[in-house]
Amino acid sequence: MATDGTMNWTVVVLTCQHKDSVYAFQRELDLRQQRGGLPAGALLLTVADPQARLGSGGATLNALLVAAEHLSARAGHTVVTADVLDDAHILILHTGRDFPWDSCGRAFCWLPVGGTHQAVESPVCCLDMLLDCLSHQVCPGSPPGVWVCSTDMLLSLPSRPVMSWEGFSGVRVLALPGEVSYATRHGVYLCDTQGKVRDIIYRGSEERIRPAVLPDGKVPLVSGPVFLSRSVSERLLQTHVTSPLDGCTYLGMDSGAPSLQISLFLDILMCLCSDVSESQFISEERPGSTSPTGPQGAAARSARAVLWRALRGIPLTMEYIADGTYDYMTLSGSEHIRRLTKKGGQKETLSHIESRYGVSEDGRVINSVLEGTVRVAAGAVIQHCHLQGLLEVPSGSLVSGLEATSGSHLQQLLLSGDTIIQGHRVQLGELKLTVYTVLGANDDLEASCEESTFLNHSWTDLYERTGIRPEELWATSNDNKMPRSLLDARLFPVFQPRDGAVGLEGVSWLASGGPGTLEWWRGTWRLSLREVLSLTDQEGELRWREELFFQAARRRATDTLRVHSDHSLLPSIRAAVLGGQQGELLSTLDSVAAGSSENLGVAARTLACIADVLGCMAGEGRGGLRSGPAANPAWASAFGLLERRDLPAAIQALANQRSHWLNRPDLLVRAARHYEGAGQVLLRQAVMSAQEFVSIGEGEMPPLGEWQEVECPARLDLSGGWSDTPPIAFERGGAVVNVAVKVDGRRPIGARARRIKEPRLLLVTSSGGPDCSVATETVCTTLQELEDHCQPHAPAALLKAVCVCSGLVIFPSQQPLEQQLMQRWGGGLELHSWSLLPHGSGLGTSSILAGAVLAAVYRSTGRTYDTDSLIHAVLHLEQTLTTGGGWQDQVGGLVGGVKLARSRAFLPLRVEVERLSLSRDFLSALQQRLLLVYTGKTRLARNLLQDVVRSWYSRLPSIVSNTEQLVSNAEECALACTDGDLSKLGACLDRYWQQKKVMAPGCEPAAVRSMMSALRPLALGQSLAGAGGGGFLYLLTRDPQQEEAVRHVLSSTPGLGDFSVHSVELDMEGICILQQSHRTRKEV
């Protein structure tokens, strides 16, 4: 069964030849399932071959039996029943024999491929490439049955093959194209014109292979994937109880049956080929299959007879994928190096490199930590190493599994290219150690020494350089049937009885020779490469690779944070938590944060990353929502240290408190909230650097009782919003185009202030005009009543924050409020603010109102300012108020007309405003086409802001890319305005709305979607104002004066609720000072 084009496996079985590999390989499968690479509900099984050299057919039969047994047990049966195959989709993967260039075999050979869209950072191995190909391209759509495939090759399919599965029954094999010359060393299907397989030719001559050539001039290679339908799977399963095939299964072994080697292709599938007769099948010699005349000849003939009776007559068809490629992983070292260094691979994969300039573009570094200067030439590979420079790896070389200990020996080994140096983790009884091997990339491992080389030179060269004799490498009892090959030469020193384990110096001597060391070499325990591979501690090898993987990840995380990289750490964080490495990662992040006193932006992002670690530890969807309060008293001490800017002590205090919150998902989420809150403290301090650009002068103080009144327009953001939001504004840089507007002919935002005799603060807020009778009054007579000025939901919080941030009042202070007011201003202050706009309008109300109130207070206390200072003062004020937010709102309402504002990517945060010079005709056309529609939906901007900042700190790729597009769209929007091009402006508005939805998913309510859809025929472009989620919709209509047309369309659209249409007038002045007055105030 396939879901969304992905195969939903019932069972995935991985077979392996070494019993000691089962636990390690099972863990690898489990990790892939936890990362999402395998279906969550799939049963994962790692099955060791019950006997050595079982063959692909025997391993398949044993794996099928184990899968059926587990499914039977799950279904409540007490015996194995084939009924469990009825709706099962089973995948059997064979790891095959040892691979000399990777101690964990071909399946777990890492490739220089990055999972760019991985949710969890992880290596891409041959197994992963194969799983992806099978699960997404080959197998979807197939009926219940069994897919079988070896992991000893790489399949590449440019497109998903089209295969018909309707009514399918039998066996289907996949074939990929190959040259005739290549096929002589491989297997080929010989088919008829309908795709029915007539024969399988294995390592045949060119003459014998030529009849298999297809019209494209290629031959169909035996390429791995085989599908057995449900009925065929049952018939094959039934053979496990029949001698001698029972010797292929663990049940047979446990029952004392002799082992038997059979081939999937040359035994099981061969009996289905139409051109093969019974006598041929049973008695014919076939390369790659058990000889019917050898020591196991009788058992082989008997097994073939059983297979013939059980399976003959089942249709075997071939699916030829003409545009696919097939890469079998041979024992050739040079081929493997070319495979890793071919074009298209990544230069650096899951590694940390101190001197990146030392790695050639065509060199490869995979899962390694390179310290100092390590040069990697083109065509060279370093994998699974921790090395220290100075070191140079020449072209054609492979260095694998080494730890930075013997640099001089390693460099001596690498004096010439085409060298392969490996460290193998092996287990000899209770002894675990690392064995080092050195080989030439061009050496033939299996050829006889007379026809092969060692270190790319003749064996005679080795004998002459070192004094080694052939009989010291190969046992004299070796019969002539097995050639004296490099694979079996006991070359490599492992252990010296007197000195212990042998390091790289042993193989260094083999490469360079020299007097005085031959006797030492003779006195060591030595192993051949074949023995080394058979003794590999694969669990230890995988653990070493994992340690390197996480060590490199922590170092990359440190670099990412310190250099302000846009690389997302979330995949790496998830991997660390999944691998149980969260403690080490948290310690690393603590260190980065504590050392960032000079760069609060780095420290704030690091704290956000710690919050992400805690959130991942809690588990997806567990422990509650990430957004929430962060003022638990237990964290107060650490927060106090942050406020006092003692960052190292604060980070330590946070870590100490964190240790008490790690044992439950809900506590972890709450701890994450507090780390985000701590990050907000640092972000606030960083943004407050904008105060550097606030310049307030001294002027003449107006008379007592004289009102200073200001009014401001609202703003419409035309493009670039969100790029002005800290930390984006100073880490990426922001650009916004917006316009100041009157709504229904009025400037909707205002404030007024006057000095009064009484030494108190009278703070009045209203949602109507300046003379609105419905207002809220707050009186402050003591400093304690200003303590909640940084709590945005406190009564008159904005006005209180203005009193503190404007310098009207010094807080905190030992001097009482009454004395401060009398001493500095000769009395108190009455301060009024109002807005005619609904809450959550999206028109920048709160920030513009803050600017208006600041201006009124400055004027009433005899101080001077300019608009630039007001813009930066509002930034400072909003951080004090802890509402956060960007700078575009105050720019939009305080500066008249259409403008392009920018901030650069550094601290202190400075906003630069450019008023666009636009023609009168364009301004007139724009005003006649701009309309506002109140959607009736209230916007929840604070939640949106938290989510956007969290996503930015996580550097989600979609957010990083979208932020760049926001800025570029703002520049295009400004150009459209200066060019007087309404159509281009409309396109910018539409594009901007799509960008807003990427920044804040969920900001488009269904009713708004319906509204915008209905208005699309009338509009050149449209968007919700501000962050979205509700408030006002603005649109640029195709034709002028479309207010009634818009109202008519919306009235005719069902389900929109309480909307209203409002006229827009461009405001070219911005903040305005009204005529001073001596209006009498209402007595309190």
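This report describes the packing of aromatic and nonpolar side chains in the structure above.

The model is predicted, so local features need pLDDT of at least 70 and side-chain atom pairs count only at pLDDT 80 or more, while totals for chains, interfaces and linings use all residues. Residues are numbered from 1 along each chain as its sequence is written, and side-chain values use heavy atoms, with hydrogens and water left out.

**Nonpolar cores**

A nonpolar core is a set of buried Ala, Val, Leu, Ile, Met, Phe, Trp, Tyr and Cys residues joined through side-chain atoms within 4.5 Å; buried means under 20% relative accessible area, with a 1.4 Å probe and protein chains only. The largest such core holds 237 residues, and Leu 654 is one of those that touch the most other members. Leaving aside residues up to four places away in sequence, Leu 654 touches Trp 635 and Tyr 675, among others, where contact means heavy atoms within 4.5 Å.

**Aromatic pairs**

Rings of Phe, Tyr and Trp (its six-membered ring) pair if their centres lie within 6.5 Å; planes under 30 degrees apart count as stacked, over 60 as edge-to-face and the rest as tilted.

| Pair | Centre to centre | Angle between planes | Class |
|---|---|---|---|
| Phe 281 and Trp 308 | 5.7 Å | 35° | tilted |
| Trp 635 and Tyr 675 | 5.9 Å | 80° | edge-to-face |

Phe 281 and Trp 308 are both buried. Trp 635 is buried because its relative accessibility is 1%, and Tyr 675 is likewise buried at 1% relative accessibility.

Note on methods:
Buried < 20%, exposed > 50% of the residue type's maximum accessible area, 1.4 Å probe, protein only.
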